Amino acid sequence: MSATVMEPISSKLRSDEKSAFIATCESIGTTPSNAIRMFVSAFNKRGGFPFDPANPYGFNRETLRAMEDAAEERNLIGPFASSADMWDAILSDDDE
């Protein structure tokens, strides 16, 4: 079996970006090099970005609006006596 030859890749980052990247990698138990290899692998398998660069958190506009509503305590309903009551309210056609 032959050994895989690894080749370096270089990129320039702002100091604060680099520090945050390293800290995040450490916090999830990986290294910056491994994180970059994982990104490149996902990028190549997908044939492009493995996320929507316009919305890197993956939330659509409706979800982002709902999250903002929750944070601002707008358009909330409940509390409910049970999860069944909650689902009945969510799935009903009422515009209350």
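These points cover helix packing, a surface patch and salt bridges in a predicted model.

1. Helix packing. Two packed helices are described by the angle between their axes and the distance between the axes. Helix 1 and helix 2 pack at about 90°, and their axes lie 9 Å apart. Angles of 65 to 115 degrees count as roughly perpendicular, so that is the label for helix 1 and helix 2. On the helix 1 side, Phe21, Ile22 and Cys25 make the contact. Helix 2 contributes Pro32, Ala35 and Ile36.

2. Nonpolar surface patch. Ile9, Leu13, Phe21, Ile36, Phe39, Val40, Phe49 and Phe51 make up a nonpolar patch on the surface. Together they have about 690 Å² of accessible area. Helix 2 (residues 32-46) supplies the largest share, three residues. Phe21 and Ile36 belong to the patch, and both also take part in the contact of helix 1 with helix 2.

3. Ile9. This patch member sits in the segment before helix 1 (15-27). Its relative accessible area is 68%. Exposed means over 50%, so Ile9 is exposed.

4. Salt-bridge network. Side chains of opposite charge can pair when their charged atoms come close. The whole structure holds four salt bridges. Arg14, Asp16 and Glu17 are linked in a network. Arg14 meets Asp16 at 3.1 Å, N to O. Between Arg14 and Glu17, the closest N and O atoms are 3.5 Å apart. Arg14 is exposed at 52% relative accessible area. Asp16 is partly exposed at 47%, as is Glu17 at 35%.

5. Glu68 and Arg74. Their side chains form a salt bridge at 3.1 Å, N to O. Glu68 is partly exposed, with 47% relative accessibility. Arg74 is partly exposed too, at 35%.

Technical notes: Residues numbered from 1 in each chain as written. Predicted model: local features only at pLDDT ≥ 70, side-chain atom pairs only at ≥ 80, totals over all residues. Heavy atoms only, no water. Patch = residues over 30% accessible without salt bridge, like charges linked within 9 Å, V, L, I, M, F, W, Y side chains within 5 Å. Areas by Shrake-Rupley, 256 points an atom, 1.4 Å probe, with all protein chains shown as cover. Helix = DSSP H or I, 4+ residues; strand = E, 2+ residues; numbered from the N terminus. Buried < 20%, exposed > 50% of the residue type's maximum accessible area, 1.4 Å probe, protein only. Axes fitted to C-alpha atoms, helices over the stretch in contact; angles between N-to-C directions. Parallel < 35°, antiparallel > 145°, perpendicular 65-115°, else oblique. Contact = heavy atoms within 4.5 Å.
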